[in-house]
Amino acid sequence: MAKPKIACVVGTRPDAIKSAPVVLELQRFDSDFETVLVSTGQHREMLDQALSAFGLAADHELAIMQHGQSLAEITTKALGGLDRLFADIAPDYVVAQGDTTSTFCASLAAFYRRIPFGHVEAGLRTPRIDNPFPEEFNRRATGMIATHHFPPTAWAAENLRREGVPEDRILVTGNTGIDAVLQMAERHPEGWFADRPERVVLLTTHRRDNWGEPQRQIALAARELADRHEDTLLVVAMHRNPQVRETLRGVLEGHPRTMLIEPPEYERFVKLMQRSTLILTDSGGVQEEAPAFGVPVLVLRETTERPEGVEAGAAKLVGTDYTAIVTEGTRLLSDPAAHRAMSQVSSPYGDGRASARIRHVIGRALGVETPEAPPWT
């Protein structure tokens, strides 16, 4: 008999990072499964860079990326391309992670073809369907379609139960992002910025909700932190979106203790997080990854679908308000006890074995028995 074929769909850099451990885990059992890695190319260059860090490359590339295209254009290209590909390669199971447009389109294309779909990082929710936009819609819609839901935490699983998802379709796994960051830290032990004496404050901001004036306020607050603390180096990993770059450069370019850098390769970004004293971010993935290294996080958003870090004390919501960012950033850079209280919190997001749990459930659904990992609690 032919081995069951599993299509793993990625579209963006975060997709690639969090899906890579799942792909590698399935590939470890290549006598049981045929694993096919599909890229929509929603973020082409950044996605390929992230996959290559794990020694992976897409088997199929849709190349939908086009400068300035609308969300509707991304959606129609991804859905049409995935539908044609699924008709051609006939997967027995489709898996994708998170809340991107590519993930939503993968779930819908699988639904139309009546192919079982596994949703990695399922169950994350905020109170409003348009915040974050369009990610909250994407994950809710994907949740309606999924055959199996792989929530990273008990909180995410409870969200699914409230929405009526049957218990036997939910498995709490921990977050595959923790699998990824721990694997990368182990593979690449050498440091980055090790020759700089300053404390590093890392800033990453890219969300559509923050474009324009909110991002300008973020940049002004980050600049103020660098001005107040002369022993700090502000490192800004700039997203490739031109609107984001224009705003950040307008405020921060030329500052003597600020470095505007291109998005680093994933292994270098992991080392940069480890090297940081404080991280300011609106990224969901960074909210999860930083606590694994004991680095406090100020979340540049009004809401978060990852409340576990906030509840545990490893992260704090500050939004995009200039005063709030400066106040909380100053406290953490000036008060060792406050910094220590956040940095010593254990990661609430995973133990590095999420991918093994996902592999076991997918295998069982396809009639293949593989070793089972202990539960994540």
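Predicted model: local features only at pLDDT ≥ 70, side-chain atom pairs only at ≥ 80, totals over all residues.
## Helix 1 against helix 15

Two packed helices are described by the angle between their axes and the distance between the axes. For helix 1, which spans residues 13–28, and helix 15, the angle is about 55° and the axes are 9 Å apart.

On the side of helix 1, the contact is made by Pro 21, Val 22, Glu 25, Leu 26 and Arg 28, while helix 15 contributes Ser 355, Ala 356, Ile 358 and Arg 359. Divided by class, the residues of this contact are 5 nonpolar, 1 polar and 3 charged.

## Helix 13 against helix 14

Helix 13 (residues 322–334) and helix 14 (residues 336–343) have axes that come within 5 Å and cross at roughly 95°. Since angles of 65 to 115 degrees count as roughly perpendicular, helix 13 and helix 14 are therefore described as roughly perpendicular to each other.

Here Arg 331, Leu 332 and Ser 334 of helix 13 meet Pro 336, Ala 338, His 339 and Met 342 of helix 14. The contact of helix 13 with helix 14 comprises 4 nonpolar, 2 polar and 1 charged residues.

## The second largest pocket

The second largest pocket holds about 250 Å³ of space. It is lined by 15 residues, of which Ile 170, Leu 171, Val 361, Arg 364 and Glu 372 are the closest to its centre. Classed by residue type, the lining of this pocket has 8 nonpolar, 2 polar and 5 charged residues.

Strand 6 (148–150) and helix 15 (354–365) each supply at least two of the lining residues, and the largest share, 4 residues, comes from helix 15.

## Cavities

The structure holds 2 cavities of 30 Å³ or more. The largest cavity, with a volume of about 40 Å³, is lined by Cys 8, Val 9, Ser 19, Val 22, Val 95, Ala 96, Gln 97 and Val 120. Strand 1 (5–10), helix 1 and strand 4 (93–97) are the elements that give two or more residues to this lining, and strand 4 gives the most, with 3 residues. The lining of the largest cavity has 6 nonpolar and 2 polar residues, and no charged ones.

## Backbone features in loops

The loop between strand 5 (117–120) and helix 5 (135–145) is the place of Pro 132, and Pro 134 also lies in the loop between strand 5 and helix 5. The peptide bond from Asn 131 to Pro 132 is cis, with omega near 0°, and a cis peptide bond likewise joins Phe 133 and Pro 134, where omega is about 0°.

Elsewhere, in the loop between strand 3 (60–61) and helix 3 (71–89), lies Ala 63. The phi of Ala 63 is near 55°, which is a positive value in a residue other than glycine.

Terms used. Residues numbered from 1 in each chain as written. Heavy atoms only, no water. 1 Å grid on protein atoms, 1.4 Å probe; cavity = no way out; pocket = protein on both sides within 12 Å on 5 of 7 lines; lining within 4 Å. Points joined across faces, edges and corners; volume = space filled by probe spheres on them. Nonpolar A, V, L, I, M, F, W, Y, C, P; charged D, E, K, R; others polar. Axes fitted to C-alpha atoms, helices over the stretch in contact; angles between N-to-C directions. Contact = heavy atoms within 4.5 Å. Parallel < 35°, antiparallel > 145°, perpendicular 65-115°, else oblique.
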